[in-house]
Amino acid sequence: MAVLKKGDGSVVASEVEHADGFVKQAVGLMFRRSIAPGYAMIFDLGREQFAGVHMAFVPFSIDLAYLDRKKRVVDVRPRLRAWIGWAFPREPARYAIEMPAGTLDRYSIGPGDILEW
């Protein structure tokens, strides 16, 4: 499975991990040393909500995209800081996607874009 940017068909991530379940969502990327280019972790929040993301025990920066139930990007947080970063979406979101820092810029992903998987 891959994450694609609808419209131009760019492959944003070819290695996709789903944070399904309470424990996987709570741990997320904590305790990993890095993530590879082309990686994405998708969080299905179950419903649109103002769910926060923290960077505790994540020793590298990431890009974060929040999406609504139609997989339309509602908010982005580029280069969320290692260890101390945290974010909440500006609008309710159904999904959160964590990717290597620089991915949002590389694929020009911003509010209004649609991602598919």
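A salt bridge is counted where a side-chain nitrogen of Lys or Arg lies within 4 Å of a carboxyl oxygen of Asp or Glu. In this predicted model, the count under that rule comes to seven.

One of these salt bridges joins D113 and K5, whose closest N and O atoms are 3.9 Å apart. The pair connects distant parts of the chain, 108 residues apart: K5 belongs to strand β1 (residues 3-5), and D113 to the loop between α2 (103-106) and β10 (115-116). K5 counts as buried because its relative accessibility is 9%, under the 20% limit.

| Salt bridge | N to O distance |
|---|---|
| D113 and K5 | 3.9 Å |
| D68 and R72 | 3.1 Å |
| R77 and D75 | 3.0 Å |

D68 is buried at 9% relative accessibility, whereas R72, at 32%, is partly exposed. R77 and D75 are both buried.

On the surface, F22, V23, V27, F31, F57, W83 and I84 form a nonpolar patch with about 830 Å² of accessible area together. I84 lies in the loop between β7 (73-80) and β8 (86-87) and is exposed, with a relative accessible area of 52%.

The largest pocket holds about 270 Å³ of space. Its lining comprises 19 residues, with Q25, F43, G52, V53 and E98 nearest the centre. By class, 14 of the lining residues are nonpolar, four polar and one charged. At least two lining residues come from each of α1 (22-27), β4 (39-49), β5 (53-54), β6 (62-67) and β9 (93-100); α1 provides the largest share, three residues.

Notes. Residues numbered from 1 in each chain as written. Predicted model: local features only at pLDDT ≥ 70, side-chain atom pairs only at ≥ 80, totals over all residues. Heavy atoms only, no water. Patch = residues over 30% accessible without salt bridge, like charges linked within 9 Å, V, L, I, M, F, W, Y side chains within 5 Å. Areas by Shrake-Rupley, 256 points an atom, 1.4 Å probe, with all protein chains shown as cover. Helix = DSSP H or I, 4+ residues; strand = E, 2+ residues; numbered from the N terminus. Buried < 20%, exposed > 50% of the residue type's maximum accessible area, 1.4 Å probe, protein only. 1 Å grid on protein atoms, 1.4 Å probe; cavity = no way out; pocket = protein on both sides within 12 Å on 5 of 7 lines; lining within 4 Å. Points joined across faces, edges and corners; volume = space filled by probe spheres on them. Nonpolar A, V, L, I, M, F, W, Y, C, P; charged D, E, K, R; others polar.
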